[in-house]
Amino acid sequence: MSSSNPTPLDLDNIQGDILAGLPKKTQTYYFFTIDEHRVQKFRTQLVHLVPLITSTSQVIGDKAKIATGKKTALEQKVAPPLLEMSGVNIAFTQEGLVQLGINNEKIGDAAFENGMLADAATLGDPGSTSPSGPDWIPAFKQHIHGMILVSGDSHKTVTEKLAEVKDIFSVGSHDAIIHEVIHIVGRVRPGKEKGHEHFGFLDGISQPAVQGFDTNPNPGQEIVPPGTILLGREGDTVTRPSWALDGSFISFRYLFQLVPEFNAFTKANAIPGLPVEQGSELLGARLVGRWKSGAPVDLAPTKDDPALGADPLRNNNFSYNFPNDQTTQDRCPFAAHIRKTNPRGDLEDPHPPASPSIPTTIHRIIRRGIQFGSEVSTDEAATGKTKQGRGLLFAAYQSNIGNGFEFLQQAWANNSAFPPFKAPITPGWDPIIGQIGPETGVSVEPTARVMSGTNPNSQTTNLNLTAQWVVPKGGEYLFSPSILALKKTFALA
Ligand code: N7H
């Protein structure tokens, strides 16, 4: 297939979570294997699943209904209604493609073809060089053929929709066509924490704008060609099988977060010269690159600005290019999480003779995902120790895992010398997701991570990151095909 299909995007054909994001209060990720004796049956039953798959056009329609409901409620001064709605998407692993016999032509992505378990050492996951493999839960060390994603306004809606899907594949009967490996339930955090991840920071602010889809980007939003996210589209430089057009790869990560421990750390290392609460908030903001409100520290370096955080016309409009931004960490530490994972102006060499600037668009991903687990209990907060699992079901879409998620994790977050051109300062690790990996060939404790520039008044001092507060417990690479491919290639009439 040509690596750049110039026809306009067909939004009825692209699964809804990729470009538009399924609306959700809760979401279940259902990982399955296809019974080896019922592969043909799976493909004939898929015909009945296809009408349930939510397209991008449907998501746009659902989001418009939500917006209208909110607007009317505001006019009538009542609480906005929670509209009953659900969404279904499906994706397959390389093992799933093999099980289905859809592997004559290579899809052209090494990380996907090998699977995430084989990639764990490259990603630096703890334990990955030991004979038993990374410190993941057993489900993600087993065979997985695919994942069905069901989202909705409530647990009830999602459970009912998932039951409908399971019925199609006779789950639970003696002639079940698919078998559950694991299902993981995510839910948006309650009350005013809605939209915030478990450490407390507003998430989902910065996404690339995809040409041909996001026609009205916000100031500062980077525009990427459709092929950064969709296979076979302009900007995707790999030759793909024709059925891969308009599909996208998902990097799914089951990430646990040690929230009480993280909070205890920011308190114990609060930026000096301020009351502890404020010093601790400032340290947290400098670790992430944004305040909990979403306000970027590059624009609001000394104190939070909630109005800025909530304003989509301003909260992404920065590129680390204030005077001295490239050489000092006055505003934002070089290793702050959002600077590591999207370095913006940092990839231009400021020193003559300048090296060619490093391309950025190929490294952009669309982040979806949702929180899992309960809120921190008073006991956990008091002891500073996690007793119940919680974290992020991270799911990112891209057309090329080696340029997308894998690159961000390995070449940027785990690389203490990144971003470039900062000598004599070594930025250090991404304090949120950076890992000291076995891939360096040396076995190093995760507690050996350091980061520079957290204290604006002592920028060359390294802060010891005494724990890894985001702990990967599993994950998988999957391919989310177009709806046409599901009908014509995956399903059998
Ligand atoms: Fe990150 N966090 O709370 O600290 N992330 N992230 N992430 N992340 C972002 O700008 C977080 C993870 C990216 O364009 C925000 O939308 C947590 C992985 C990218 O400026 C916050 C976890 C990877 C961006 C967090 C986690 C990334 C981004 C600010 C794990 C990829 C956009 C909100 C539990 C390898 C950067 C926003 C930009 C933003 C947090 C995981 C990547 C608050 C807690 C695994 C590309």
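1. A word on terms to begin with: buried means under 20% relative accessible area, exposed means over 50%, and partly exposed is in between, using a 1.4 Å probe and protein chains only. At 0% relative accessibility, Val297 therefore counts as buried. You will find Val297 in the loop between H9 and helix H10 (306-309); helices (H or I, at least four residues) and strands (E, at least two) are DSSP runs, numbered from the N terminus. Asn13 is 284 residues from Val297 along the chain, and their C-alpha atoms are separated by 39 Å.

2. Please keep in mind that this is a predicted model, in which local features need pLDDT of at least 70 and side-chain atom pairs count only at pLDDT 80 or more, while totals for chains, interfaces and linings use all residues. Residues are numbered from 1 along each chain as its sequence is written, and side-chain values use heavy atoms, with hydrogens and water left out.

3. Now to the ligand and its iron atom. The protein supplies a single donor to the iron, NE2 of His337, 2.1 Å away. Donors here are N, O and S atoms within 2.8 Å of the metal (3.2 Å for Na, K and Ca), and water is not among the atoms, so sites may look incomplete. His337 belongs to helix H11 (residues 337-341).

4. The shell around the ligand holds 26 residues, and the closest are Ile205, Ser206, His337, Arg344 and Arg367. A residue is near a molecule or strand if one of its heavy atoms lies within 4 Å of it. By class, the shell has 14 nonpolar, six polar and six charged residues. For these classes, Ala, Val, Leu, Ile, Met, Phe, Trp, Tyr, Cys and Pro count as nonpolar, Asp, Glu, Lys and Arg as charged, and the others, Gly among them, as polar.

5. For Arg364, an N or O atom of the side chain is 3.4 Å from a ligand oxygen. Two or more residues of the shell come from each of strand E7 (248-257), H11, strand E10 (390-398) and helix H13 (405-413). H11 gives the most, with three residues.

6. The second largest pocket has a volume of about 410 Å³. On a 1 Å grid over the protein atoms alone, a pocket is an open set of points with protein on both sides within 12 Å along at least five of seven lines, a cavity is a set where a 1.4 Å probe fits but cannot get out, and lining residues have an atom within 4 Å of a point. Grid points are joined across faces, edges and corners, and a volume is the space filled by probe spheres set on the points.

7. Of the 24 residues lining that second largest pocket, Phe199, Val259, Asn263, Glu281 and Lys292 are closest to its centre. Helix H8 (259-268) and helix H9 (276-288) each give two or more residues to this lining, and H8 has the largest share, with seven. The lining divides into eight nonpolar, eight polar and eight charged residues.

8. Lastly, the cavities. The largest cavity has a volume of about 40 Å³, and its lining consists of Asn89, Ile90, Ala91, Met147, Leu149, Ile250, Tyr397 and Ser480. Six of these residues are nonpolar, two are polar and none is charged.

How values were computed: A polar contact is a pair of N or O atoms within 3.5 Å; within protein, one must be able to donate a hydrogen and the other to accept it, and residues adjacent in sequence count only if both atoms are side-chain atoms.
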